[in-house]
Amino acid sequence: MDFSLALLESRHSVRSFAPTPLDRSIINMLNSEATYTNSHEAGLNFRFCPDDNAPFRGFARSYGMFRNVNNYLACIIDPTFDHALERAGFCAQRFVIRAHAAGLGTCFVGGSFSRAHVNTPVEVYEKIPFVVACGISDVEHTTLMARLFSRMAHRKVRAPRDFFDGNDAEYQAALSRFPWLDSALRAVASAPSALNAMPVSLKVTQVDGVERIVAYTSNPDKYAAELGIAKFNVQAVVPGFWNWGENAPFFPD
């Protein structure tokens with residue numbers, strides 16, 4: 001992947017957007033990203049929906065948290081496929097970083113939108129665990145609720161070291177054993193998560209007799225998407241690939 005750590009760390013959640021329509025070239029790029037996911041990941045059916053505010057229309061649906069959400073990625077999954085939610089988080093974060101690299105603001109939205117008003121067909125066996133709001137940022141007109149939410153989230157800033165499961169001696173040994181670990185931890189620290197929970201940690205463990213870095217969450221049933229998001233961030237800055245699932249290893253190139 002061709003993303004820098006600086007790009008990942010510069011991303012932040014945006015909840016107020018300008019009403020300006022997206023350029024056709026940007027829409028085409030985001031459509032292509034959704035299509036790429038659908039053609040490479042079984043059980044995922046992503047749809048980019050430009051110029052549609054129906055899922056966020058009205059104060060009751062957005063709780064005053066969002067303004068001018070006129071574009072979003074509908075992240076539709078078939079939950080019967082293995083690791084569908086985790087893979088959705090991984091692929092949605094790739095969409096987010098591509099949008100961010102193009103100068104757009106984004107935000108993962110898991111609850112404060114109307115699934116019934118998402119403008120794309122959804123089969124009875126499919127679910128929409130979250131959408132990604134995106135558009136041109138409008139910081140000047142950020143809502144009061146969004147500003148309060150942002151302040152609460154930033155109170156929980158954590159250092160990359162906090163995302164490693166181990167004492168200081170184990171941490172130093174891991175840095176020596178895996179020179180790329182510092183970048184990986186910074187990538188995890190910059191990953192978005194619901195309510196800024198930041199539930200993903202890395203640790204060293206034996207996998208088939210070999211020491212590997214693995215990723216896990218504080219609640220596997222609740223944070224599968226966040227696990228996928230964090231795995232994307234690591235894989236974006238450290239050449240290699242992850243296995244899917246809790247406590248699954250990373251294989252550096």
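Predicted model: local features only at pLDDT ≥ 70, side-chain atom pairs only at ≥ 80, totals over all residues.
Where does D51 lie, between which β and α elements?

Residues are numbered from 1 along each chain as its sequence is written, and side-chain values use heavy atoms, with hydrogens and water left out.

The overall picture, then. We have eight helices and eight strands; those are DSSP runs numbered from the N terminus, helices being H or I with at least four residues and strands being E with at least two. The chain has 253 residues, and 51% of them count as buried, where buried means under 20% relative accessible area, exposed means over 50%, and partly exposed is in between, with a 1.4 Å probe and protein chains only.

Back to D51. It sits in the loop between β1 (44–49) and α3 (59–62). Its phi is near 55 degrees, a positive value, and D51 isn't a glycine. For background, most residues other than glycine have a negative phi. D51 is also exposed, with a relative accessible area of 56%.

N68 does something along those lines: a positive phi of about 55 degrees, and not a glycine either. You'll find N68 in the loop between α3 and β2 (72–77). N68 is partly exposed, at a relative accessible area of 27%.

Now the sheet. Four strands make an open sheet in the order β1-β2-β4-β3, with antiparallel pairing; pairing here takes at least two DSSP bridges between two strands. The edges are β1 and β3 (105–109), each pairing on one side only. On average, neighbouring strands in this sheet are turned by 15 degrees against each other, direction ignored. β3 and β4 (residues 127–135) run antiparallel and are joined by five bridges, with F108 standing opposite V132 in β4.

What packs on the sheet, touching β1, β2 and β4? That's helix α2, residues 24–40, whose direction makes about 170 degrees with that of β1. Contact means heavy atoms within 4.5 Å, and the angles run from 0 to 180 degrees between N-to-C directions, using axes fitted to C-alpha atoms, for helices over the stretch in contact.

Last stop, β8 (residues 248–252). β6 (residues 210–217) pairs with β8 in the antiparallel sense over two bridges, and V214 has P249 as its bridge partner. β7 (residues 240–242) also pairs antiparallel with β8, over three bridges, with G240 opposite P252. The β7 and β8 hairpin has five residues between the strands, and G245 there takes a positive phi near 110 degrees.
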